[in-house]
Amino acid sequence: MSEWPRRYFSDLYGRQLAAQFTREQSEKQARVVMSALQLRKGMCVLDMPCGFGRITLPLARRGLAMTGVDLTPSYLARARRSARRACPPAARRENLDIRFLKCDMRRIEFHGEFDAAFNWFTSFGYYSDEENLLCLKKVCEALKPGGRLLIETANVSWLLSHFLAHSEQTIGGMRIVHSRRYDARRSRISQTRTIFYRGRRTRSSDCVRFYTGTEMRRLLRRAGFGDIRLHGHNRLDDPPSARFTRHSRRLIAVARRP
């Protein structure tokens, strides 16, 4: 399986991610995570992958002990800078409890450390089915007994009913051109993203495996999880609905380590 995540999350795409969500939107998304996982002050929580820490920091401000892991060094450096700005020496009363670590999702080595973990904004399905399963097994090992995992991703049924082979958008002054292809045999969407910004152009490609609700349940069970619940929502900052259907734009799966 291609190691595209090592190349993809860098350069102008990092700028796009930084411009994509306002602080208010990130705060709302953090509240969705907190509600869906039933988080309480003092709990230890794993954000995997954490990117710039845009969800990690709001949760730390709510009194959670946060660990963020990510593969991209520039994202982690930015997350650490944001944490320092959020808690400068003159204002240590906020006392944010955060650590950011460089790590591949398939290779985390925590054991019974966390009350909860989450994987946010279609950050699952990057690898082969067996490697994706390995990611889930690793996070199951990282949770305390009774700990919960949340996975938030696009609903493949909705994606295919609204599939666009080509599209364009503008974010933060960048023109972004998408070209997509669906591989029905492997249930994967491959995408080439070309970004134009101030005379520069970068091109990068990804390939994500999308799981139906039934497949997600099966994969979580194989990884050792139980009490699996699927919820639908339409936007990242919308509270999850009680019921996930093929018409839901996005999927939230919540599962518990026995």
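Visitor: Which residues line the largest cavity in this structure?

Guide: Phe124, Thr153, Arg209, Phe210, Tyr211 and Met216 line the largest cavity. Before going further, please keep in mind that this is a predicted model, in which local features need pLDDT of at least 70 and side-chain atom pairs count only at pLDDT 80 or more, while totals for chains, interfaces and linings use all residues. Residues are numbered from 1 along each chain as its sequence is written, and side-chain values use heavy atoms, with hydrogens and water left out.

Visitor: How should I read the word cavity, and how many cavities of 30 Å³ or more does a search of the whole structure find?

Guide: On a 1 Å grid over the protein atoms alone, a cavity is a set of points where a 1.4 Å probe fits but cannot get out, whereas a pocket is an open set with protein on both sides within 12 Å along at least five of seven lines; lining residues have an atom within 4 Å of a point. The search of the whole structure finds 1 cavity of 30 Å³ or more, and the volume of the largest cavity is about 40 Å³, where volume means the space filled by probe spheres set on grid points joined across faces, edges and corners. Its lining divides into 4 nonpolar residues, 1 polar and 1 charged, with Ala, Val, Leu, Ile, Met, Phe, Trp, Tyr, Cys and Pro counted as nonpolar, Asp, Glu, Lys and Arg as charged, and the others, Gly among them, as polar.

Visitor: Turning to pockets, how many residues line the second largest pocket, and which of them lie nearest its centre?

Guide: The second largest pocket holds about 370 Å³ of space. Its lining is made of 17 residues, and Arg23, Ser26, Phe52, Arg54 and Ser82 are those nearest its centre. Two or more lining residues come from each of helix 2 (11-20), helix 3 (23-36), helix 4 (56-61) and helix 5 (73-86), where helices (H or I, at least four residues) and strands (E, at least two) are DSSP runs numbered from the N terminus. Helix 5 gives the largest share, 4 residues, and the lining of this pocket as a whole divides into 7 nonpolar, 4 polar and 6 charged residues.

Visitor: For the strands, what is their order in the open sheet of 4 strands?

Guide: The general idea is that two strands pair if DSSP finds at least two bridges between them. In this open sheet the order is 6-7-8-9, and the pairing is antiparallel. Strand 6 (166-171) and strand 9 (200-209) are the edge strands, each pairing on one side only.

Visitor: How many bridges join strand 6 to strand 7, and over how many do strand 7 and strand 8 pair?

Guide: Strand 6 and strand 7 (residues 174-183) run antiparallel and are joined by 6 bridges, with Ser167 standing opposite His178 in strand 7. Strand 7 and strand 8 are also antiparallel, with 9 bridges, and Ile189 in strand 8 is the bridge partner of Tyr182. The hairpin of these two strands has 4 residues between the strands, and Ser187 takes a positive phi near 55° there.

Visitor: How many salt bridges does the count come to?

Guide: A salt bridge is a side-chain nitrogen of Lys or Arg within 4 Å of a carboxyl oxygen of Asp or Glu, and the count comes to 23 of them. One of them joins the side chains of Arg250 and Glu152 at 2.4 Å, N to O, linking distant parts of the chain, since Arg250 is in strand 11 (residues 250-256) and Glu152 in strand 5 (residues 143-154), 98 residues apart.

Visitor: Are Arg250 and Glu152 buried or exposed?

Guide: Arg250 is buried, with a relative accessible area of 11%, and Glu152 is buried as well, at 0%. Another salt bridge lies between Arg175 and Glu168, whose closest N and O atoms are 3.3 Å apart; Arg175 is partly exposed, at 36%, and Glu168 counts as exposed, at 53%. Elsewhere, salt bridges that share partners join Glu3, Arg6, Asp104, Arg106, Arg107 and Glu131 into one network.

Technical notes: Buried < 20%, exposed > 50% of the residue type's maximum accessible area, 1.4 Å probe, protein only.
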